Amino acid sequence: MPQYPAFLNVHSRRTMETERAEQFVEVSVDPIMHSDNIAALHHAALDGRGIAILASFVANADLATGRLVPVMEGYQPISSTVSIIYPRAPIVPRKVRAFIDFMTTEFIQIT
């Protein structure tokens, strides 16, 4: 298992930034899979297809049971933003407002 970003090049090739103690490290990797679907990446990692960057709320249960193992624990991916996008309307529907409130609460608990 890779312990440092430089060791990732044996797994893949693509530019990726990580952060450790506010020091940024850039490494080139060449992924075997690209996806904007977190579930697809999660399942690929569970199937042993390689290393994935997964959000803690996705990976925690599998880390606890040993189905996934952490690599490069001293490094964190660069932070990203999660947005909820919905059509502009004079009144936000209750379902949309409930979803926004739920997601806000969930993400505050993870950070």
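Biologist: What should I keep in mind about the model and the numbering?
Modeller: The model is predicted, so local features need pLDDT of at least 70 and side-chain atom pairs count only at pLDDT 80 or more, while totals for chains, interfaces and linings use all residues. Residues are numbered from 1 along each chain as its sequence is written, and side-chain values use heavy atoms, with hydrogens and water left out.

Biologist: Where does Asp62 lie?
Modeller: Asp62 lies in helix 2, residues 56-65 (helices are DSSP runs of H or I with at least four residues, strands are runs of E with at least two, and both are numbered from the N terminus).

Biologist: Is Asp62 buried or exposed?
Modeller: Asp62 is buried, with a relative accessible area of 6%; buried means under 20%, exposed over 50%, and partly exposed in between, with a 1.4 Å probe and protein chains only.

Biologist: Which side chain does Asp62 have a polar contact with?
Modeller: The side chains of Asp62 and Arg67 are joined by a polar contact of 2.6 Å (a pair of N or O atoms within 3.5 Å, where within protein one must be able to donate a hydrogen and the other to accept it, and residues adjacent in sequence count only if both atoms are side-chain atoms).

Biologist: And what else does Asp62 touch?
Modeller: Not counting residues up to four places away in sequence, Asp62 touches His42, Leu46, Arg67 and Leu68, where contact means heavy atoms within 4.5 Å.

Biologist: Which residues of helix 2 are buried?
Modeller: Val58, Ala59 and Asp62 are buried in helix 2. Seen down the helix axis, the buried residues fall within an arc of 60 degrees, so they line one face of helix 2; the arc is that of the directions from the helix axis to the C-beta atoms.

Biologist: What covers that side, and what is on the other face?
Modeller: The cover over the buried residues of helix 2 includes helix 1 (38-46), whereas the face turned away from the buried side carries the exposed residues Ala61 and Ala64.

Biologist: Changing topic, what about Met72?
Modeller: Met72 lies in the loop between helix 2 and strand 3, is buried with a relative accessible area of 9%, and has a positive phi of about 50 degrees although it is not a glycine.

Biologist: Where is Val92, and what is Val92 in contact with?
Modeller: Val92 lies in the loop between strand 3 (76-77) and helix 3 (94-110), and, leaving aside neighbours within four places in sequence, Val92 is in contact with Tyr86 and Arg97.
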